[in-house]
Amino acid sequence: MPAATAAVRTALLSPPFTELSYSLPDYLPPEAFFVGQRVVVPLGKGRRAGVISAFERQAADAEGFTLKPLIWPLDREPLLSPAYLELARTLAGRHADELGRILGSMLPAGLRSPAPRLRFFTADGTTDLVPADLARLPDHRLRELGDLWMSGRAEIRRPGVSPLDALLYSPASDPPWPVRPAAKARLAVLEFLLEKGSATRRTLLNALGKKAGATLTALTREGLVRAGPADPEDANAGPLSDCPPAAGDDNPCVVLTTRQREIADELLRATRQGAQIRLLFGVTGSGKTALYLEAARAVLASGRSVLLLAPEVALALKLRDAAEAGLPPGLPPHDRRHLFHGYQGAASRERTFRLLAGDKSGRPRLLTGTRSALLLPLENIGLIVMDEEHDASFKQDEGFINYQAKEVAWYRANREGSLLLLGSATPDLKSFYAARQGRIPLHTLTERFGAGLPEARLVPLSPGKDNSLLAPDSIAALNEVVRRGEQAVILLNRRGYAPVVYCRDCGKTRRCPQCDISLAYHKGREKLVCHYCGRSTVFPSPCPSCGNLNFLPLGEGTEKLEENLETLLPPGTAVLRLDRDSTRRPGRMEAILSAFARKEAAVLVGTQMLSKGHHFPDVTLAVIADADLGLNLPDYRAAERTFQLILQASGRSGRGGKSGQVLIQTRDPGHYCWDYVLRADYEGFFERELEVRRRRLYPPFTRLALIRISHEAGSTEGAEAAAALGRSMRQKAKELGVIMLGPVSAPLPLLKGRVRRHCLLKGDDWQSFRLLYKFAAETAKGGALTLRLDLDPVNML
């Protein structure tokens, strides 16, 4: 840093997230500070962690305000490289947000703490201080500490693991539990742990109060709750599944067919040609994973790193296991292979981040994970693979920032001069359109290994039949599969026992008071649950409208379907269920999939979790129990998503040597979508859907954004402010050449106690959307409204 520099710009990693200027402290020389370094700074009466984003040339502005000095550095060397900071700046610019908010989303929680312990080594021993202590020390003492820091006789002490955080607790079994209904404290602890999946003692005490600690101890002692290490040292250890057969061979991950070899050669050439993007379009079971690994093997051997991405944790684990089985030992070594996803412990995620940020060797690494792995400081990337690239989970639409993983992946590939490989059996329509336009080279796999694609047919659902969601034809087919000793999967994308609970006396349904949405009945938990805000209530309990207890559960979820199968299938037929409720406890998802793979059950019922990536050779029947779900949602992608989900789920059938069958139950057999599903005709569906979007001006023929506006329910001020803001925005949209629809009530108008409105924007460039959003945010600043910009939204609800 130049000696003339007297101040730094610092992006705060917690609210208000802004960039502020600070002078350098007198007790540390300028050489102690770097761009990309974390520091502790004062803010009001408190302290914040921040990242130095730039150097400045003066310590006071033109009006004579004196800058406060920052307090202390948190890194000896910059944690974040210039390339990583540039990625954060790009995201901030794209989403019209503060750099600090973006960095606060990208960094693990432990790296955002403003209260580390500083240890100084002197001739008399060691002295431990926290940043708050420094403010009380005299100047000469601070200079002494500065000298110790510069001479290498000081360090940042990472906090040890508190007993409150050392163990993760989870229910030992799914409900119902052997607990008396009146034991409310015990039930509260068990319900909390079930909802979270697992939690530390600290998390539990913060949520339920200190008295919950004794209850937790008692439940653990009695075996109703299990405890395990909160943060195992090796988060990558332990394969969870077999390598999925990609080419129908004894060693499927490395043996390629002639067509695969042709595509592999083209991909290998692309890895040597600088920044490239390719789309791999292959039917289910055609061997896309084999091509990912062939490209990965070549890139790793050339000395560059590889990033393998999947939309869900289960698929990331399978991709990791495929790489373990299909890549040569030592390419790269085990300590340079990493797994990263949001369900890992905080310390594991921080450890991986620090390891990658501190590695300046340039040696290749293999990183497998979900979309958040894209935000790790991995360098020297030669290949990024996005499996199931069409999946909506690749879009982050919660938390601090909205980002599309494909855009971030292309940004990183472009900066690194690497290949971005998108793979899917049902590509995102926009991706396939870009390929058809010649903007993305397309590689196609049309043949499936084994018995070929399954035969699909429609099964019309008769109105008025409420004893079971399954039609007689589906029940007969399931029984035949069981009789032959084969397996079946049933997709029902609706969890719980019943989606609606109806009061027979007053005629009203039980609804969430925070979201005005029907509460779903979960029989095992004996609860009514809101699937949007998580609110739950004991069931049965008196009807809020009439006070009676005369209820009728309506509809069918995965829990009820699992129960009904006991009477529809031969006695003793084992059935497993795979949904969010059955997989909350640690390891349950892997255990269910492994048990089904070992043929411990003949039927697997599940939500969309079972629709992608899983390979069960003995599955010869897939039943889509309610194919119409999602087809008529107020979302321009509704037909595309339904087509993708059903075709992916259909692909679970007939993946071994036996022919497969798919039964698609529908109440609307005349819908155009089914013609293409039955023929597994993605390209035909693409042409039809493309024409619909051309007429209605939806992507890929325009760019789209949502400005989401919300305020507290019952707020007159909020409603008036939203109406006034809408009038101002419409005028500004005209000036910017943006088509603006709204603001109107969102399809889900009340969520978590907030009234929601949407403004849908159409236009030719993203910048006009950002300018309109900035105008709206400035207009609404300090009022009752909360605004959020979502570019290229995937969730229109």
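Between which two elements is the loop that holds lysine 599?

1. Lysine 599 lies in the loop between helix 16 (588-597) and strand 29 (603-606). This is a predicted model. Phi of lysine 599 is near 65 degrees, a positive value in a residue that is not glycine. Lysine 599 counts as partly exposed, at 38% relative accessibility.

2. Phenylalanine 17 also deserves a look. Its phi is positive, about 70 degrees, and it is not a glycine. The residue sits in the loop between strand 1 (7-12) and strand 2 (19-23). Is phenylalanine 17 buried or exposed? Phenylalanine 17 is buried, with a relative accessible area of 4%.

3. Next, the cis peptide bonds. Leucine 331 and proline 332 are joined by one, with omega about -10 degrees. Proline 332 belongs to the loop between helix 10 (313-326) and strand 14 (337-340). The bond from proline 699 to proline 700 is cis as well, with omega near 15 degrees. Proline 700 falls in the loop between helix 19 (682-696) and strand 32 (703-712).

4. On overall architecture, the protein chain holds 21 helices and 35 strands. Its radius of gyration is 28 Å, close to the 28 Å that the globule rule gives for 797 residues, so the chain is as compact as a globular protein of that length. Along the principal axes, the C-alpha atoms fill a box of roughly 85 × 70 × 65 Å.

5. Contacts come next. Take those between residues at least 6 apart in sequence: 74% of them join residues at least 24 apart.

6. Burial and surface can be read together. Of the 797 residues, 53% count as buried. The accessible surface comes to about 34300 Å². Carbon and sulfur atoms account for 51% of that surface.

7. The largest nonpolar core has 119 residues. Which of its residues touch the most other members? They are Trp72, Leu103 and Ile664. Leaving out residues up to four places away in sequence, isoleucine 664 touches Ala456, Arg457, Leu458, Val459, Ile624, Ala627, Ile646, Trp674, Val677 and Leu678. A second, separate core has 30 residues, including Leu256, Tyr292, Ala296 and Val306. In soluble globular proteins, nonpolar side chains tend to be buried together.

8. Last, charge. The protein chain carries 107 positive and 88 negative side chains. The centres of the two sets lie 3 Å apart.

Definitions and conventions. Residues are numbered from 1 along each chain as its sequence is written. This is a predicted model: local features need pLDDT of at least 70, side-chain atom pairs count only at pLDDT 80 or more; totals for chains, interfaces and linings use all residues. Side-chain values use heavy atoms; hydrogens and water are left out. Helices (H or I, at least four residues) and strands (E, at least two) are DSSP runs, numbered from the N terminus. The radius of gyration is taken over C-alpha atoms; the globule rule is 2.2 Å times the number of residues to the power 0.38. Buried means under 20% relative accessible area, exposed over 50%, partly exposed in between (1.4 Å probe, protein chains only). Contact means heavy atoms within 4.5 Å. Accessible areas come from the Shrake-Rupley method with a 1.4 Å probe; for residues, only the protein chains shown count as cover. Lys and Arg count as positive and Asp and Glu as negative; His and the chain ends are not counted. The place of a charge is taken as NZ of Lys, CZ of Arg, CG of Asp or CD of Glu. A nonpolar core is a set of buried Ala, Val, Leu, Ile, Met, Phe, Trp, Tyr and Cys residues joined through side-chain atoms within 4.5 Å.
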